[in-house]
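Here are my notes for you on this structure. Keep the sequence and the 3D view open as you read. Each point takes up one topic.

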Amino acid sequence: MITIGIAEDIRNLAEALRDKVQLDPELSVSWLAENGEVALQRLRAGEVVDLILMDIRMPLKNGIATTRELKQNWPDVAVVMSTVFDDEDHILEAILAGAEGYLMKDTPPARIHAAVREALSGGAPMSPLIAGKALQLIRKNDAAPKTSVPEQYNLTPREREILDLLIDGLSYQKIADQLFISYGTVRKHVENIYRKLEVHGKVEAIHKVSGGQ
C-alpha cells in the first residue's frame with residue numbers, strides 16, 4: 001500500500017483530491033493538512049507517508065517553503081505539487097525546492113495514480129501544460145554554457161556516472177538495470193550526490209552542475 005498525505009487549505013478540494021486518489025485500491029490517503037505547517041507537524045509526529053500532494057498557496061506556510069523544509073528533513077518523502085498555478089516562476093520554484101512532480105488540480109484520477117507511481121520510481125510527472133513550460137525552462141538553461149561537476153564536490157566515479165544518467169532523464173530503476181545494481185543502491189548513491197551538491201532534487205542538481213548556481 002502506498003501512503004499519501006494531502007496538503008490543501010480548501011477542505012472540499014482536499015476531500016475531492018482524496019476521493020480521486022483512493023479510487024486506486026493500492027493508494028491510501030493517511031491524512032489531510034490545511035497548510036504546510038500542519039503537514040510538517042504530521043511528519044514530526046511520526047506520520048510519515050510515501051508521498052505528499054502539495055498545494056502551493058496556503059496560509060501560515062506555503063507549498064514551496066514546506067517542500068524545501070520537508071526535503072531537508074525527510075528526503076525520502078516524494079512531493080508532487082497539485083495546483084492551479086502554471087506560470088514559469090512557480091514551476092521553477094517548486095522544482096528547485098525539491099518537488100518530484102507538478103500537476104494541475106483538474107488532472108483526472110488515472111493520471112494522478114500514474115503520477116504517484118512515477119514520482120516514487122524516480123520520475124518527474126507533470127501535466128502536459130506544465131511539461132511544455134518546463135521544457136521551455138530547460139531550453140533556456142541549455143542555451144547557457146555547461147560546466148563539468150566541480151572537483152570540490154568530491155563525487156566518486158560511480159556517483160558521477162549516476163548523476164550523468166539522471167541528467168539524461170533515466171529513472172532510478174532504469175539506472176539500476178543499466179549499471180547492474182539494485183534500486184536501493186541507486187537511491188543511496190543519489191542521496192549522497194544530493195548531500196554533496198547541497199541540493200534537494202534532480203532538477204536542482206542539474207541546475208547547479210550546469211552553471212546555474
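**Notes on the predicted model**

1. Start with the whole protein. Of its 213 residues, 46% are buried. Keep in mind that this is a predicted model. The protein has ten helices and five strands.

2. Next, the contacts along the chain. Take the contacts with a separation of 6 or more: 61% of them join residues 24 or more positions apart.

3. Turn to the second largest pocket. How much space lies in it? The answer is about 500 Å³. Its lining is made up of 29 residues. Pro75, Glu100, Tyr172, Tyr194 and His200 lie nearest the centre of the pocket.

4. Helix α9 gives the most, with six residues.

5. Sort the lining of the second largest pocket by class. There are 15 nonpolar residues. Seven are polar, and seven are charged.

6. Look at Glu159 next. This residue sits in helix α7, which covers residues 157-167. Is Glu159 buried or exposed? Its relative accessibility is 4%, so Glu159 counts as buried. The cut-off for buried is under 20%.

7. What does the side chain of Glu159 meet? It makes a polar contact with the side chain of Lys196, at 2.8 Å. Set aside the neighbours within four places in sequence. Glu159 is then in contact with Asn154, His189, Asn192, Ile193 and Lys196.

8. Phe180 is in the loop between α8 (172-179) and α9. Its phi is near 60°, a positive value in a residue other than glycine. Phe180 has a relative accessible area of 75%, so it is exposed. The cut-off here is over 50%.

9. The other is Glu198, in the loop between α9 and α10. Phi of Glu198 is also positive, near 60°, and this residue is not glycine either. Is Glu198 buried or exposed? Glu198 counts as exposed because its relative accessibility is 63%.

Note on methods:
Residues numbered from 1 in each chain as written. Predicted model: local features only at pLDDT ≥ 70, side-chain atom pairs only at ≥ 80, totals over all residues. Heavy atoms only, no water. 1 Å grid on protein atoms, 1.4 Å probe; cavity = no way out; pocket = protein on both sides within 12 Å on 5 of 7 lines; lining within 4 Å. Points joined across faces, edges and corners; volume = space filled by probe spheres on them. Helix = DSSP H or I, 4+ residues; strand = E, 2+ residues; numbered from the N terminus. Nonpolar A, V, L, I, M, F, W, Y, C, P; charged D, E, K, R; others polar. Buried < 20%, exposed > 50% of the residue type's maximum accessible area, 1.4 Å probe, protein only. Polar contact = N/O pair within 3.5 Å; in protein donor to acceptor, adjacent residues only side chain to side chain. Contact = heavy atoms within 4.5 Å.
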